[in-house]
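Okay everyone, thanks for coming. Have a look at the structure on the screen, and I'll walk you through a few spots in it.

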Amino acid sequence: MERKLTIKEILMVASLLFGMFFGAGNLIFPIHMGQEAGANILPAFIGFIITGAGLPLLSVIAFGRSRSESVYELASPIGKHYAILFTCAMYLALGPLVCIPRCATVSYTVGLEPLLGHNPLALGFFSAIFFSLVLFFTLRPGRILDWIGKYLNPLFLIFFCSLLFIALLQPLGEVNKILPSQAYAQGAFFKGFIEGYNTLDALAGLAFGVVVINTIKGMGVNKPDAIATATFKAGVLACILMAVIYGGACTVGAQSRGYFEISPNGGIALASICWYYLGRAGQIFLALIVTLACLKTSIGLTTSIGETFDSMFTHKQHYRTWAIGFCLLSFIISNVGLSLIIKLAIPALMFLYPLGMTLIILAIIGNAFDHDRKVYVAVTLFTLPVAFLDLLSAVGVKISLATNLPLFDVGLGWLVPSLLGLIVGLLWYKTSK
């Protein structure tokens, strides 16, 4: 009889997926958006959810619809070399070059630096402990469901939801009386839409797909249809939970304007809220929340990149070596070169994002054209120039051609060219058939 996951097991996988998605950025973005949106929080929140939770769900659905088990398999219809290059670039940018080192520095900066002060030695000591824990959990990938889904994520939810619950019971102000900032006074929906889009969680969904699929297979589910169904169900539950937490965080952020001014960023806003409700102990509480959020995301990223590189280059023989190497690289960058790496990596991520989004869409609708290579190639060729323009824009190079593209100013300049590429690809597919 075909093995299927029980409701309890699907909830566990959903907890794992949510835990990997919900890092420090997801923690502080909605708080800050709530502060700025004020009375216009509802349209801003709806826009944020569509892209902040909807796009990650699409990336999960892409794996289920295409029956792929990795980013490499998703991209392989375009070509083997392209698939390798795209997979490596995406994982390195999301992993040891930026996001994983940033998790350690954000945990220290937001959680402990206010208590210990700016001290490079303290940061080094903290990051050594942080990455030792990441490595401990990462070297046991078969138990990642337990580490994140059963322990770390529920613990994080208990701490963070407790803070939200306290703040919602004793609001600092009435949301409908809070004046929105200039950015949210008009078009709050589109502003929230852009904020959710800029979280880049759709790329993260591609990165985490291999971990979720391997976890489901490790639970005894081997049929592609059953794996796809379980992945879809877990993805829907994880994104619903994300939407609920985002809603609470946005509301608390908006209410805080009854006592605080708009903070420079969500980290400062969250620290102020913790201090108000919990006093000095609130800083320790905040340190636990942020560190748990960053730790589980780092474990998920390190596991996924280790499994992917091991599968592509060492044929599932040296996962431990990859995991150790990426943890060491992340530790070094977090202490000596993170600012420069982030400065260099943001353009890379902006270049990769349109290519990742079109790959997700093609994987979802691919059954309509049998996942034919011609369609994939045509869409990618039309998307590449716009992705390059996004890269140039991110480094400050302005090109008049880019400003003439529809929706380029909101980060969706790739949409119309990609649709044109899809039409060309489908015509190519139909005529050759």
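Let's begin with a pair of charged side chains: glutamate 9 and arginine 3 meet in a salt bridge, 2.8 Å from N to O. Arginine 3 is partly exposed, at 30% relative accessible area. Before I go on, keep in mind that this is a predicted model.

How many salt bridges does the structure hold? There are 8. Another one joins aspartate 225 to arginine 67, with 2.7 Å between the closest N and O atoms. Aspartate 225 sits in helix α13 and arginine 67 in the loop between α4 and α5, so this pair ties together parts that are 158 residues apart in sequence. Both ends are partly exposed: aspartate 225 has 47% relative accessibility, and arginine 67 has 39%.

Then there's aspartate 146 with arginine 143, at 3.6 Å from N to O. Is aspartate 146 buried or partly exposed? Buried counts as under 20%, and aspartate 146 comes in at 19%, so it goes down as buried. Arginine 143, with 39%, is partly exposed.

Now for the helices. Helix α1 covers residues 7-21, and at 1.5 Å a residue its 15 residues should span 21 Å. The C-alpha atoms at its ends are 21 Å apart, so that agrees. Of those 15 residues, 11 are buried, among them Ile10, Leu16, Phe18 and Phe21. What do they pack against? The list is α2, α4, α9, α12, α13 and α15.

Okay, on to the inside. The largest nonpolar core has 146 residues, and the ones touching the most other members are Leu27, Met90, Phe130, Phe156 and Phe160. Helix α13 gives the most to this core, with 14 residues. If you click on Phe130 and skip residues up to four places away in sequence, you'll find it touching Cys103, Ala104, Ser107, Thr291, Cys294, Leu295 and Ser298.

Serine 304 lies in helix α15, and it's buried, with a relative accessible area of 0%. Sequence neighbours within four places aside, serine 304 is in contact with Tyr91, Ala207, Phe208, Val210 and Val211.

Glycine 52 is in helix α3, and with 0% relative accessibility it counts as buried too. Which residues is glycine 52 in contact with, leaving aside neighbours within four places in sequence? They are Gly196, Thr199, Asp201, Met242 and Tyr246. Its C-alpha is also 8.2 Å from the one in asparagine 198, which is 146 residues away along the chain.

Last stop, the outside. There's a nonpolar patch on the surface, made of Leu381, Phe382, Val416, Leu420, Ile423, Val424 and Leu427, with about 610 Å² of accessible area together. The elements giving two or more residues to the patch are α18 and α20. Helix α20 has the largest share, 5 residues, and isoleucine 423 is in that helix.

Definitions and conventions: Residues are numbered from 1 along each chain as its sequence is written. This is a predicted model: local features need pLDDT of at least 70, side-chain atom pairs count only at pLDDT 80 or more; totals for chains, interfaces and linings use all residues. Side-chain values use heavy atoms; hydrogens and water are left out. Helices (H or I, at least four residues) and strands (E, at least two) are DSSP runs, numbered from the N terminus. The expected span of a helix is 1.5 Å times one less than its number of residues. Buried means under 20% relative accessible area, exposed over 50%, partly exposed in between (1.4 Å probe, protein chains only). Contact means heavy atoms within 4.5 Å. A nonpolar core is a set of buried Ala, Val, Leu, Ile, Met, Phe, Trp, Tyr and Cys residues joined through side-chain atoms within 4.5 Å. Patches are made of residues with over 30% relative accessible area and no salt bridge: like charges are joined within 9 Å, nonpolar side chains (Val, Leu, Ile, Met, Phe, Trp, Tyr) within 5 Å. Accessible areas come from the Shrake-Rupley method with a 1.4 Å probe; for residues, only the protein chains shown count as cover. A salt bridge is a side-chain nitrogen of Lys or Arg within 4 Å of a carboxyl oxygen of Asp or Glu.
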